[in-house]
Amino acid sequence: MTALKRKFVKGNEAVAMAAIEAGVQCYFGYPITPQSDIPEYLSRELPKVGGTFIQVESEIGAINMVLGASACGVRAMTSSSGPGISLKQEGISYMAGSELPGVIVDIMRSGPGLGGIDASQADYHQATKGGGHGGYRIIVLAPNSGQEMYDLTMLAFDLSDQYRMPAMVLADSVLGQMKESIVLNPRPTVDLPAKGWAVRGTGGGQQNVVKSLYLGDGEMEKFHWKMHARYQELADKESRWEEYQTADAELIVTAFGCTSRIARTAVEMARAEGIKVGLMRPVTLFPFPKKAYADLSSHCKKWLTIELSTGQMVDDVRLAVARDAEVAFYGRPPGAGSLPTPEELFAQIKKFC
Amino acid sequence: MRYDVFCAGYGGQGVLLAGNLLSYAAIREGKNVSFFPAYGVEKRGGAAMCTVVFADGDTGSPVVGEPSVSVILNQLSFDKYAAKVKLGGICLINSSLVELDGGALDGRELLAVPMNQIAIELGDVRMVNMVACGAYAAATNALAMESLQEALKDALPERNHKLIPANIKAIQAGAAAVFSARKA
């Protein structure tokens with residue numbers, strides 16, 4: 001055993017542990033498979049550190065409590081899956097419109113509608129394109145291991161506070177339910193701006209107003225251009241990705257979340273046979289690491305996107321790569337028994353290279 | 001080195017606890033581990049499966065299409081998954097519940113251990129998963145017996161620690177059964 005503190009936990013538990021380490025003060029949520037370990041863990045552990053856990057009557061209530069808590073300047077979060085995340089979209093839109101931070105964890109299950117509890121990546125568009133109304137974006141982080149479920153949850157809190165916008169940890173039922181050995185890294189020290197905008201009761205002092213209603217002449221348009229600039233700053237400073245064996249690759253596979261793990265083993269199998277293939281994994285889905293794709297595709301012209309859907313991220317890949325790059329797609333829409341195996345993805349690599 | 005093992009049975013046989021025990025043993029040996037469970041919504045009687053991968057470095061895919069080793073505890077799992085074991089791999093079966101019909105798996109070692117019978121002789125059929133874990137360690141040498149026995153403290157809740165000595169016996173009996181099966 002190493003001297004570092006290692007734990008063998010479910011991905012969902014890693015999220016909950018990271019939230020406490022990040023200093024979350026309030027959790028509001030409602031149970032739904034495959035993410036219920038998050039509220040279960042926090043219902044037990046959050047009160048012990050002085051935090052507040054509330055199982056709300058609905059997902060709509062939960063996200064609006066996150067909005068309220070966040071408006072008061074405290075770190076707040078919620079988590080859900082599929083149908084529950086859809087219910088939260090109105091609240092997320094209001095948070096975006098009010099420039100409020102807050103963390104939403106989405107452990108994707110299959111859909112549409114009630115769907116099923118199997119792993120899915122079909123909520124990519126909903127997460128990355130602004131799932132509610134009004135033309136906003138939120139930060140979307142895509143872990144691919146128990147360790148990243150932990151680390152990226154902490155990062156979500158910091159980025160959310162820094163850029164004053166909601167942040168989502170977008171994972172799936174494989175990552176939520178799988179147990180892995182993780183290191184309990186301490187919360188990073190980040191210089192975050194003070195929340196001078198928070199409504200905490202004036203006590204006779206300055207009055208703050210948190211709202212998403214902009215009726216003044218030109219006020220709404222100004223808000224949109226301000227946020228547009230903020231999204232650009234986010235893309236410039238916070239785009240994150242991981243490359244594996246891309247330097248001499250003649251084909252680059254790209255996938256996020258649990259699919260990237262399966263793809264990596266497939267890439268290793270291909271390399272063992274001398275096939276020059278690499279892996280590009282976006283860690284931030286918004287901002288999508290466009291520049292990294294553009295740079296890589298200046299020398300590698302063959303791409304294969306793999307997703308647990310009929311194809312969503314592939315749209316962003318096609319927009320980001322050089323115009324003469326060819327992007328193929330292999331998808332396994334969600335459902336029981338639909339997880340691809342490394343052997344299956346290896347066969348796809350051989351087909352496209 | 002990267003090891004992978006697929007365990008399958010029906011709900012109630014302790015397949016997930018077996019996977020957890022192997023995982024904790026690997027952690028005790030300083031490995032990185034992924035444990036990927038899949039099971040039916042039923043508390044008992046549905047299908048229960050898990051894949052454990054452990055390695056010094058990256059564990060890679062938590063999903064394994066062709067396992068190096070499969071531990072098969074019932075007939076349904078045998079019919080469905082035994083043939084997926086990769087060439088040169090090991091298929092360890094609970095011969096108390098699996099009819100082999102004299103069949104063999106080409107290019108793979110088929111190890112038959114009467115796991116239920118051994119567990120019953122030790123006093124409780126519920127220890128079938130422990131017999132399976134001991135058999136796995138002996139068949140593969142992927143994990144030391146000591147790690148497995150020590151890991152019981154991690155895998156079992158405190159209230160069940162009184163059962164550790166009995167479980168150690170079951171693990172040892174599983175290992176012994178593999179040695180005699182290979183001699184035969």
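Trainee: How many residues does the contact take from chain A, and how many from chain B?

Mentor: It takes 19 residues from chain A and 17 residues from chain B. Two residues are in contact if their C-beta atoms, placed from the backbone, lie within 7 Å. This is a predicted model, where local features need pLDDT of at least 70 and side-chain atom pairs count only at pLDDT 80 or more, while totals for chains, interfaces and linings use all residues. Residues are numbered from 1 along each chain as its sequence is written, and chains are lettered from A and ligands numbered from 1 in the order in which they are written.

Trainee: How do strands pair, and which strand of chain B is joined to β9(A)?

Mentor: Strands of a sheet pair through backbone hydrogen bonds, either parallel or antiparallel. Here we say two strands pair if DSSP finds at least two bridges between them. β9(A) is joined by two bridges to β2 (residues 32-39) of chain B, and they run antiparallel. Look for Glu180(A): standing opposite, in β2(B), is Ser34(B).

Trainee: What is the strand order in the open sheet of chain A?

Mentor: Its five strands go β10-β12-β11-β14-β15, with mixed pairing. The edge strands, each pairing on one side only, are β10 (241-244) and β15 (326-331) of chain A. β10(A) has four bridges to β12 (residues 277-282) of chain A, running antiparallel. In that pair, Glu243(A) has Met280(A) as its bridge partner.

Trainee: Which strands does α9(A) touch?

Mentor: α9(A) packs on the sheet against β10, β11 (251-254), β12 and β14 (302-307) of chain A, and its direction makes about 165° with that of β12(A). Axes are lines fitted to C-alpha atoms, for helices over the stretch in contact, and angles run from 0 to 180 degrees between N-to-C directions. Then there's α12(A), which lies across β11, β12, β14 and β15 of chain A and runs at about 155° to β14(A).

Trainee: What span should α4(B) have?

Mentor: The expected span of a helix is 1.5 Å times one less than its number of residues. For the 13 residues of α4 (residues 128-140) of chain B that gives 18 Å, and the end C-alpha atoms are 18 Å apart, which agrees.

Trainee: How many residues of α4(B) are buried?

Mentor: Twelve of its 13, so to speak mostly covered. A residue is buried if 20 or more other C-beta atoms lie within 10 Å of its own, exposed if 12 or fewer, and partly exposed in between, with C-beta atoms placed from the backbone. Among the buried ones are Val128(B) and Tyr136(B).
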